[in-house]
Amino acid sequence: MRCRLLVVLFAFIIRSTTIYAEIRPADCAHAAKYSESKRGVSMLVMQNGRTIFEHYANGGSAGRRWPIFSGTKSFWGIAALAAVREGLFKLDDFVSDTITEWKSDPRKSQITIRQLLSQTDGIEGASRLQRASIRDRNAMAVQLPLVAEPGSAFIYGPSHLQIFSELLRRKLKGGATTAYVESRVLNRLGISRLNYKKDSLGNPLLATGFELTAREWARLAELVLRRGNYHGRRIVSADLLREAFAGSSANPSYGLTFWLNRPSPSGREADMERMLDLPWQSAQWGDLCICKDAPADMVVALGSGYQRLFIIPSLSATIVRQGSNAKFSDAHFLRLVLGRAD
């Protein structure tokens with residue numbers, strides 16, 4: 001009887017305790033040397049809520065904010081999930097239910113909010129929306145043409161989130177979308193005084209603009225690792241958060257404002273930044289991964305110039321890398337961090 005009780009107790013302990021592979025500071029140091037040689041300015045590695053490595057170079061410092069460019073998108077993605085949690089809309093609602101001028105268009109009327117957030121709505125990407133001279137980005141984005149059938153293609157660009165910006169503004173009945181993302185996400189993460197790159201009418205540019213320290217950016221990863229909680233405060237539900245990490249048929253490597261390693265961990269490694277430089281008609285998104293030797297559950301907030309927030313739930317790990325434009329390999333960097341380089 002006593003032996004049986006011990007077996008049951010041992011099994012309970014095994015089920016109740018998650019054991020993570022330890023990331024070693026020595027491996028991080030090798031990765032930091034590589035990053036620094038490629039104009040890296042900061043690198044931060046956390047595991048199980050503890051900082052295990054931190055390094056700054058090339059003018060970077062713990063207190064210096066750095067542009068994260070398209071890494072900004074993921075904060076707005078979390079704000080969208082917070083809005084779903086509050087009942088403002090559902091991910092599979094038609095955008096035309098709110099942007100009613102689309103109702104008369106047989107194709108635009110079928111676009112869903114999920115497709116906006118996954119950049120699969122078929123709308124032109126329209127990088128020109130980032131120009132500071134534009135008076136009303138939202139109006140311009142809403143009027144952009146379809147270049148593909150909704151759901152059929154992944155077309156990267158600022159247009160999709162800018163349309164979402166207008167949708168959220170209308171759902172808030174004219175309220176400031178910046179106030180919403182601050183109250184529901186940023187303030188709860190202890191992040192303030194950010195650059196929204198507003199147009200003349202005050203519409204923020206959702207696709208880019210934020211500047212953060214490595215430690216500030218890592219707070220978004222903590223939210224993900226804690227399944228929607230941050231320091232005891234629920235920001236999004238765990239079920240909703242999982243929606244952000246499901247790819248689409250048009251691009252299995254991209255969820256709702258987050259990049260994914262999950263679709264094909266044994267497939268072809270790709271430099272996502274170089275892929276985005278291709279015309280959207282030429283890009284092939286099937287059977288891709290960021291790093292074959294990184295866990296399949298890794299998700300990434302990704303910005304130009306190799307700004308990276310790698311989040312690995314199975315290792316309870318966060319890896320921040322920031323830097324200036326230079327040739328860089330995510331796969332090689334991750335292999336160094338994880339001690340899997342040849």
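At what angle do helix 3 and helix 8 pack, and how far apart are their axes? In this predicted model, local features need pLDDT of at least 70 and side-chain atom pairs count only at pLDDT 80 or more, while totals for chains, interfaces and linings use all residues. Residues are numbered from 1 along each chain as its sequence is written, and side-chain values use heavy atoms, leaving out hydrogens and water.

Helix 3 and helix 8 (residues 214-225) pack at about 40 degrees, with axes 11 Å apart. Helices here are DSSP runs of H or I with at least four residues, strands are E runs of at least two, and both are numbered from the N terminus. Axes are lines fitted to C-alpha atoms, for helices over the stretch in contact, with angles from 0 to 180 degrees between N-to-C directions. The two helices are therefore oblique to each other, a class left over once angles under 35 degrees (roughly parallel), over 145 (roughly antiparallel) and 65 to 115 (roughly perpendicular) are set aside. S74, F75 and I78 in helix 3 meet W217, L220 and L223 in helix 8, where contact means heavy atoms within 4.5 Å.

Let's follow the chain onward from helix 3. T112 sits in the loop between helix 3 (72-85) and helix 4 (113-118). T112 touches L91, D92, D93, F94 and V95, leaving aside residues up to four places away in sequence.

Now to the sheet: six strands form an open sheet in the order 2-1-12-11-10-7, with antiparallel pairing; strands pair if DSSP finds at least two bridges between them. Its edge strands are strand 2 (50-56) and strand 7 (259-260), each pairing on one side only.
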